[in-house]
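Here is a short report on a structure. Please keep the sequence and the 3D view open while reading.

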Amino acid sequence: MKANHECIVRLANVTKYFDQSRPVSLWKREHSRIYALNDVSFTLRRGEFAAYAGPNGAGKSTTFKLLAGLLRAQQGQVKIFGADPCVKRIEVMRRTGVLFGNRSELWWDHPVRASFEWKKAVWEIPDDVYMRNVSRLKELLDLEPLWNTFSRELSLGQRMRADLALTLLHSPELVLLDEPTLGLDVLAKRRMIDFLKLANQELGVTLMVTSHDMDDLAEMANRLLLINRGRLAFDGSYDALLRMTGDHRLVRLTTSVESPVPDGLTLVDRSGDRFTYRYDGTKIPSPRLFALLAGIPGIRDIQMEPENIETVIAGLYQKWFSEGEAAK
Amino acid sequence: MADKIQSVLRLLRLYARMDLNWVMQDFKAALIVVCAEIINNLTAVSGILLLAVRFGGVGGLNTDEILLMLGFFELADGLCYMLFGGFNVLHISRRIGRGQVDHMLIQPRPLIVQLLTEGFMPVSGSGGFLIGILLTMLAWTRLHLEVTLLRLSLLLLYILCHTLLTLGQSFLFGSAAFRTPVASEELSSLILDLNSQLRPFPPVRSAPLADEPVVYGAACRPAGLSAVAGAAGQADRNCTDTSRLYRRCVRAGCGMLLPRGYAALSAIQLQSIQRHGPSKLKGRKTNESKS
């Protein structure tokens, strides 16, 4: 769905820190302050699908907790639907769905059906909305076979599907998903991604997702927010990110003789007669690449592909890590 | 207000239905749980009862009064467990320590409503309550007490006080789990266990201060004391003159006021922690490490 201008989420100069107290000896404690978020600002408009990524400890979960009203920022403003989620928690939660991938909202000792009925009563979902949503979610997430199964008996993928359906049961306008693909196999992940795209495009739900799987995020979201050490390091599209980090591409050659390393290319892998090189597409345009490859004798096969987004981000994280170490 | 009460009643009905469903899903297992609870409760009171039978009473109360005391405690404790025993509402430090308060905060309901309703388990948690009714009725019959409106009201008042005190203690101490989640996870259980350990003992005549409200004020409330107070009140013991009646009222009043104090403190602590995070080191010198 195309985003409109209505601002659903707004973080303005948000700072959140935690004070820690560590024992250094039997009598002495050391106090320190850890900044989980440091002057972070961004907005999310209705209908947007944003990915929120960063290395471990970057502040992703803290941001989600601030958005869900579970924590309060020490500085700055957090607004969801124009209201402070800590102050107007009940009103905000009626319009928001929150899913923490490592936790479940399902009632453990009850069938899946019971959790949905529980949510209907607690969220006061009207009968017609409940019936419509249940039948749609059952169909889209293939929940019918699980409907009367005890939650404790579900596999991880089944549990995530049921949890996701439960999150969307009250027709939320904003959905915050913290690691929704955590631990899912390839097929389950594929179904989850397809469903989230559908929810965004057809149901018009505004989504914000965190994950460590960058390929998943790249496929799902049209906007990427990268956070590093509590600061927003990047906010834009994937294309913009690639432009920023360099348009890294891979070329794989199968040769009958030892292949030299042409100028501007970096050998990243060699397996038998297969050589993999990395190059920056912005610096080496395709005609020049072909000219370089033409100089290599005995080429039997050439494969070209853009570098995996995961690798690009890993490089970025590594760079940030090195900068952080250097700053210390 | 009426809407809020209706909403609470609706939620109580929901949790009652869920509890019934749980029982019906595996009736045999549920029956075993309820029976085990009944046996456990009977065992807990049998020791002091046998002593009372052997020595013709304990701590200034005769055997039947001891039976009434035990019945009162089982009734009050059983009701508390039935209303708040489910999903660790009574053992709130477990929920806090395990990070389950997050689940509550994402529900569009006031926290107080959730705490009042989520623990309701009228079927699977009714063992202690049933034993309490049985023992109390037995004691009333043996003491030839008339069932009057006043007596019933007094019983209800004492039960209410007991429930509020128990909840207040559990919440007040249990909220320490916000600061030290792992270390304090079982704090509520420890507090409730302390009550359970002390509940069969009627030390009312063994310590001069025990009969006074200061016992409540000091917050070292051996549950047996409140049970004795309840039992003594029920048995019309030493309550013929006005000063005794006055004491009884003071006890009841303290019983009413203190839990409110507890609740207020707990609420303040909860709110403070929610607003400022679990660690507050204001005013202390800190090494800022902006990361």
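In this predicted model, chain A holds an open sheet of 4 strands. Their order is β11-β12-β10-β13, and the pairing is antiparallel. Two strands sit at the edges: β11 (266–271) and β13 (299–306) of chain A. Each of these edge strands pairs on one side only. From one strand to the next, the twist averages 20°.

Strands of a sheet pair through backbone hydrogen bonds, in either a parallel or an antiparallel sense.

One pairing in this sheet can be followed in detail. Strand β12 of chain A covers residues 274–280. It pairs with β11(A) in the antiparallel sense, over 5 bridges. Which residue of β12(A) is the bridge partner of A:Leu267? That partner is A:Tyr277.

**The two chains**

Chain A has 10 helices and 13 strands. Chain B comes to 12 helices and 1 strand. The table sets out some values for each chain.

| Chain | Residues | Share counted as buried | Share of contacts (separation at least 6) that join residues at least 24 apart |
|---|---|---|---|
| A | 328 residues | 38% | 69% |

**A glycine in a loop of chain A**

Now turn to A:Gly101. Where does A:Gly101 lie in chain A? Its place is in the loop between β5 (96–100) and α3 (112–122).

Is A:Gly101 buried or exposed? A residue counts as buried if 20 or more other C-beta atoms lie within 10 Å of its own. A:Gly101 has 20 such atoms within 10 Å, so it is buried.

Which residues does A:Gly101 touch, leaving aside its neighbours within four places in sequence? The contacts are A:Asp178, A:Glu179, A:Pro180 and A:Leu182.

A:Gly59 gives another point of reference. A:Gly101 and A:Gly59 are 42 residues apart in sequence. In space they are 16 Å apart, C-alpha to C-alpha.

**To recap**

The open sheet of chain A runs β11-β12-β10-β13 with antiparallel pairing. A:Gly101 is buried, and its place is in the loop between β5 and α3 of chain A.

Methods: Residues numbered from 1 in each chain as written. Chains lettered and ligands numbered in written order. Predicted model: local features only at pLDDT ≥ 70, side-chain atom pairs only at ≥ 80, totals over all residues. Buried ≥ 20, exposed ≤ 12 C-beta atoms within 10 Å, placed from the backbone. Contact = placed C-beta atoms within 7 Å. Pairing = 2+ DSSP bridges. Axes fitted to C-alpha atoms, helices over the stretch in contact; angles between N-to-C directions.
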